[in-house]
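Hello,

I am passing this structure on to you. Please open the model first, then read the notes that follow.

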Amino acid sequence: MLHSSATLAAKSRSVAPPSAQPHLQISGLTKRFGDFTALRDIALEVHEGEFVCFLGPSGCGKTTLLRAIAGLAPQSEGRIVQRGRDISRLPPQARDFGIVFQSYALFPNLTVFDNIAYGLRNQRADRQRIRQRVAELLELVNLRGSEDKYPAALSGGQQQRVALARALATEPALLLLDEPLSALDAQVRVHLRGQIKGLQHRLGVTTIMVTHDQEEALAMADRIVVMNHGVIAQVGTPAEIYREPASAFVAAFIGNMNFFDVTSEGREGLRLGHRRLEGVPHDLTPGVAARLAIRPEAVRLCTEAEGLAAQVEDVEFLGAFLRVTLRLEECEQFVVADIADREVVSLDVKPGQRLGIRLPNESVRLYPAAEAGV
């Protein structure tokens with residue numbers, strides 16, 4: 001069944017599990033910088049123990065929203081309630097959170113021990129409690145034996161783990177992560193994201209992470225908040241965001257997506273170029289232009305007689321699969337198909353070859369033609 005973007009948007013508002021009281025409730029939150037509105041009427045609930053990712057392109061407002069929650073960039077309008085307590089106008093030091101910045105923000109003149117102990121000392125914890133807590137955290141982040149080292153002697157990944165331990169030292173109810181992995185190389189980033197997710201799961205601490213990396217969000221989050229131009233585009237689990245994007249923007253931003261210009265014909269028909277696609281339910285008025293979307297892995301290759309006629313333009317080897325780019329002869333539009341190596345062999349796929357493609361109805365989505373950003 002083909003879903004309209006309006007139907008999916010409505011569905012995305014109810015994906016969170018029910019809870020007696022959310023850990024964090026944000027309502028009507030707007031943030032302005034002079035004449036520029038960075039956030040507009042944000043409404044969101046984060047549940048106890050959840051790992052939530054704010055995901056979106058640069059300038060979408062995700063970091064501004066995190067900073068508003070922390071009190072570092074107070075909102076112009078709206079409320080933030082944490083565990084039933086209105087924190088909307090409280091200064092950062094009066095809020096119950098720990099934060100890890102992209103730049104780590106470790107004190108270069110302090111040892112690892114003293115960096116982690118910094119918040120505890122500000123709380124006037126006794127020496128025995130500080131020693132015990134720092135030892136626990138060093139064990140937790142796999143840095144036991146590094147107590148006397150200075151940040152300059154640590155790798156980027158180790159510094160980030162120290163920053164994480166420091167944020168957790170005072171046992172905050174909420175952990176905020178501002179693009180914590182973006183400064184690391186790819187291999188370290190993949191390793192550390194697994195460690196952070198595992199640590200969050202063991203501690204059960206409610207966590208919000210800002211990232212522009214879709215793979216990072218899909219791998220780590222319980223729910224993803226996709227943002228664009230200062231508003232929330234969709235909220236859902238990674239599977240829901242990937243499989244049922246509520247708009248063309250979300251569909252294009254998360255993963256790879258093929259888009260085709262189509263026109264509605266009847267209640268279960270679409271016209272793609274000179275061909276009519278049958279059995280595609282939709283709620284569009286006849287003759288209305290739309291954009292049909294399908295993931296590359298859902299495109300099926302077949303013989304020319306069995307599907308839409310296409311010519312192979314390129315075959316790209318990507319290890320686990322091959323990416324085949326084809327030009328549809330019906331409408332001169334291009335389509336990308338990700339297929340297994342054995343399928344390439346069985347169909348003898350090569351540039352210049354004429355094949356057919358099928359677009360399974362259960363895998364396609366339909367969006368308004370007027371949606372911007374795609």
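How many cavities of 30 Å³ or more does the structure hold? There are 2. Keep in mind that this is a predicted model.

First, the cavities. Rolling a probe the size of a water molecule over the atoms shows where empty space is left. My notes here cover the second largest cavity, which has about 40 Å³ of space. Its lining is made up of F51, L164, L168, L175, L177, I196, L199, Q200, V205 and T207. Sorted by class, 8 of the lining residues are nonpolar and 2 are polar, and none is charged.

Which elements supply at least two residues each to this lining? They are the helix α5 (156-168), the strand β7 (174-178) and the helix α6 (186-203). Of the contributions, that of α6 is the largest share, with 3 residues.

Next, a sheet. Strands of a sheet pair through backbone hydrogen bonds, either parallel or antiparallel. The sheet to look at is an open one of 5 strands, paired antiparallel in the order β13-β12-β11-β14-β20. The edges are β13 (275-278) and β20 (364-368); each has a single partner strand, so one side of each is left without a neighbour in the sheet. From one strand to the next, the twist averages 40°.

Strand β14 (residues 289-294) pairs with β20 in the antiparallel sense, over 5 bridges.

Regards

Conventions
Residues are numbered from 1 along each chain as its sequence is written. This is a predicted model: local features need pLDDT of at least 70, side-chain atom pairs count only at pLDDT 80 or more; totals for chains, interfaces and linings use all residues. Side-chain values use heavy atoms; hydrogens and water are left out. On a 1 Å grid over the protein atoms alone, a cavity is a set of points where a 1.4 Å probe fits but cannot get out, and a pocket is an open set with protein on both sides within 12 Å along at least five of seven lines; lining residues have an atom within 4 Å of a point. Grid points are joined across faces, edges and corners, and a volume is the space filled by probe spheres set on the points. Helices (H or I, at least four residues) and strands (E, at least two) are DSSP runs, numbered from the N terminus. Ala, Val, Leu, Ile, Met, Phe, Trp, Tyr, Cys and Pro count as nonpolar, Asp, Glu, Lys and Arg as charged, and the others, Gly among them, as polar. Two strands pair if DSSP finds at least two bridges between them. Axes are lines fitted to C-alpha atoms, for helices over the stretch in contact, and angles run from 0 to 180 degrees between N-to-C directions.
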